[in-house]
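Please read the following note beside the sequence and the model.

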Amino acid sequence: KQLRPGADDHAEASLLLRQAVTRHGSEDLGLLSQLSGSLHAEGKLEASLQILRDALLARPEHRELLFALGSALERAGRWQEAIATMQQILKRRPKDAPAHNFIGYTQVDRGQDLKTAERSIRRALYLQPGEGYIIDSLGWLCFKQNRLADARRLLEMAVRLSPREPEVLGHLADVLATRVRRRCCHRSARH
């Protein structure tokens, strides 16, 4: 079935995804994740989270479901719960680089405990060297620490590794814009 032009696309997508989950059962984690995302886009944050929580009742240690729940919590602004969810993953899988990176990046983005954030990001990078999204997190940390030269170097590397990631490109643009503004301010102060 195609979405009707002008219809509330998110609501209709949610309805179609609910029907698919009903037909195929709740074993299809991809469908559950899409349904959760669609409900979130519709503004139904609690329903979005509940889909994942319900799925976790049947599979409480399922890594992908926990990661999806953590991501959904972060999108809902509940970043402390998101970090706690990722820590559940790390209790079972201490070498889970994406979970380490998620915790570190979330702390950096919120300006919380940057030393702990750096340890998490560096652990992720140790576990998965050369990953663009992790190098982006380290570059973003340097930006937040006002280390613009390091931030630029790392973010340029992240862009080379992940050239189609809009968030990585946005981070590099922020660093470059800040550097330009600072140069302009320095020139103005000298004149």
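1. A residue counts as buried under 20% relative accessible area, as exposed over 50% and as partly exposed in between, with a 1.4 Å probe and protein chains only. S48 has a relative accessibility of 1% and therefore counts as buried. S48 lies in helix α3, residues 45-58, and, leaving aside residues up to four places away in sequence, S48 touches S36, L39 and H40, a contact being heavy atoms within 4.5 Å.

2. This is a predicted model, in which local features need pLDDT of at least 70, side-chain atom pairs count only at pLDDT 80 or more, and totals for chains, interfaces and linings use all residues. Residues are numbered from 1 along each chain as its sequence is written, and side-chain values use heavy atoms, with hydrogens and water left out.

3. The average pLDDT (the predictor's confidence in each residue, from 0 to 100) is 89 for the protein, and 91% of the residues score at least 70. Over residues 1-7, however, pLDDT stays under 50. Where pLDDT is low, the predicted coordinates should not be read in detail.

4. Helix α4 (residues 63-75) and helix α6 (residues 97-110) have axes that come within 12 Å and cross at roughly 5°; α4 and α6 are therefore roughly parallel to each other, a term for angles under 35 degrees. Their contact involves R63, F67, G70, S71 and E74 of α4 together with P98, A99, F102, T106 and R110 of α6.

5. The protein contains 10 helices and 0 strands, taken as DSSP runs (H or I, at least four residues, for helices; E, at least two, for strands). Of its 191 residues, 40% count as buried.

Note on methods. Axes are lines fitted to C-alpha atoms, for helices over the stretch in contact, and angles run from 0 to 180 degrees between N-to-C directions. Angles under 35 degrees count as roughly parallel, over 145 as roughly antiparallel, 65 to 115 as roughly perpendicular and the rest as oblique.
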